[in-house]
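Subject: Model for your files

Hello,

Here is the structure I said I would pass on.

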Amino acid sequence: MKTKFNLDRDKLNSDYINSKQDYKRIMDGFEKLKPPIWKNPWFYGPVGLASLAVILVITFQSRVNAYGNNSTLNNTSESTISLPEDTPCIKAPISDKDIAYQVIDVLPEKGLNIELESGTSISIPANSLKSEKGAPVQVKIREFHDKASAFLAGIPMDYSDNSAFESAGMIEIRAEKDGKSISLDKTKPMSIDLAMNKTPEGFQFWKLDESKKEWIETPCAMKPSAKASPKEKLMLVESKISQQQEKIEICENKIANIAKTSNTKVNNNLVPTANARKLVIDFEQSDFPELEGYKDIEFEYLLPSNRSEANLQEYGQRIKYAQTQIWNDMDIKKQGDHYLATFINSKEKYTLPIRPVLKGKSLEEMQAKMASASVDKSVALKKLREEKMAYEQEQAKLKRDQELLNAQLIAQIKRGNAESMESRAREARDRAKDNQAIIQQGTASFRTTSFGVFNCDKPIPYPPGYSEFLAFETQEGVQIQMENAFVFDTKKDTRYSFGPYYMHKSNDLGWFNHESTLIILDPKGDVYYRKNVNDLSKSSNKVVVKHLDKKALNLDDIQKIISETTVTV
């Protein structure tokens, strides 16, 4: 026997793996193979048919086990994929559609104060750039104030294992000379005042660690805008109203969940029913293993579900009949959530529904636990209702502020001191073309001695996976193989990413029950989308998508598809 050992083998990179994925060569070889033995006619004798049946049963069972409720057939092994270490951290998902950098020449010995149209300012001190004097360094800058531009640039937005970032402002800064990266002097950090398009409340600040492919929390001073116009103030108030509404809905869900839960984890079905008649019998508790652990058990006749006067009268007559006859034997059997007592003599068998209940000290202990749990439940409900009321009061106050700001804007327009809404909309469209137009609602100020991507974010949980196997096809009925998928959540203002190069694989695909847009890429990189994918019936597994011409695709198209509008001051 020849044995070959390969110790300390070099790790495979992406280029090597792709070079071995010659599926055409594999299929050509497959077609040249001889037919397998089980395709020969002589194989199907009695033994052959029996063997084939066993094989089919095993194969079918394996497929059932492999494809659970939340699987996609073309991605059954994705959860075990280990990505090569050279997988880039930032990679544009659609080739040739990356977001361009703004490039500024900076002389190292002089440094430069850079003011961007968004309101962001960058201060690079003299001699901070580690490069020879007299030759300019190219400082490359990209800002991302919407989901569309961050998506096309390939900025990863996943945090931890089950969250994605909602961004309030993000910037990428690089420095190069003759195509080589330039670093900063550790003793001369650059300062950045990043314009935020959302109020800083509830946000943290992060830097992307590109070697570890994860976001690292970074010190930063954040403050809201002090020079907001009435229009900016109005948008900020409307944003806060939406936040309060979300908090109110969370409280309502918690209240509903607590209200419908039982007062105690103890089995309430063992509590006796008022006015129910008891069946006095001696029995061995070992005959009823499902009641093991309970003491002081007895049985009572099961009251009818419809307790009308006529039904209760019939109930009493049936029990009276059972009690006035002479029976030679009795049998008790469990049926569903109750039991049946069958009385037997030489003439007949007579059956009545019964159920086990507690008595004596066991009943007293259960009633005490239920009373205590009821108090705890009342306290929890009271606290949640008070919390909800506080949110509603804050929301009402914000709505009054909203009405006041609206009145101020209308008055300004009437006095001619404000631009017309039409001209403002035109300016917003013009400035949105270069992706610079935002309403500045705050500033994130920080210092750094390294270049990279910096982001003001808060993590939002991923949605649960869709309950059905999903198949994708165009409006013309052409089936689409999904490789990567992206869900853009309008309410959460978040992008969720699924596919072989993301934390969440394709068979994790899902969305919340509010406005969301799905964009998928097939293995060739062609782009498809569906708006309001959340309207898809939970019992449906077919998703009809529209095709996008990748050659003509641009940032404006993505912004329109995901219902994202860039606004201006």
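Strands here are DSSP runs of E with at least two residues, and helices are runs of H or I with at least four residues, both numbered from the N terminus. Two strands count as paired if DSSP finds at least two bridges between them. The model is predicted, so to speak of local features requires pLDDT of at least 70 and side-chain atom pairs count only at pLDDT 80 or more, while totals for chains, interfaces and linings use all residues.

An open sheet of 5 strands has the order 2-3-8-17-11, with antiparallel pairing. Its edges are strand 2 (112-115) and strand 11 (221-224), each of which pairs on one side only. From one strand to the next the twist averages 15 degrees, where axes are lines fitted to C-alpha atoms (for helices, over the stretch in contact) and angles run from 0 to 180 degrees between N-to-C directions. Within this order, strand 8 (residues 190-196) and strand 17 (residues 442-448) run antiparallel and are joined by 7 bridges. Leu194 has Ala444 in strand 17 as its bridge partner.

Strand 24 (residues 527-530) and strand 25 (residues 542-548) are antiparallel, with 3 bridges between them. Opposite Tyr528 stands His547 in strand 25.

**The hairpin**

Strand 9 (residues 204-209) runs antiparallel to strand 10 (residues 214-217), and 4 bridges join the two. They form a hairpin with 4 residues between the strands. Asp209 has Glu214 in strand 10 as its bridge partner. In the turn, Lys213 has a positive phi of about 60 degrees.

**Ile248**

Ile248 lies in helix 5 (residues 230-260). Is Ile248 buried or exposed? Ile248 is buried, at a relative accessible area of 3%; buried means under 20%, exposed over 50% and partly exposed in between, with a 1.4 Å probe and protein chains only. Leaving aside residues up to four places away in sequence, Ile248 touches Lys388, Tyr391, Glu392 and Gln395, a contact being heavy atoms within 4.5 Å. Lys388 is 140 residues from Ile248 along the chain, yet their C-alpha atoms are separated by 5.5 Å.

Regards

Terms used:
Residues are numbered from 1 along each chain as its sequence is written. Side-chain values use heavy atoms; hydrogens and water are left out.
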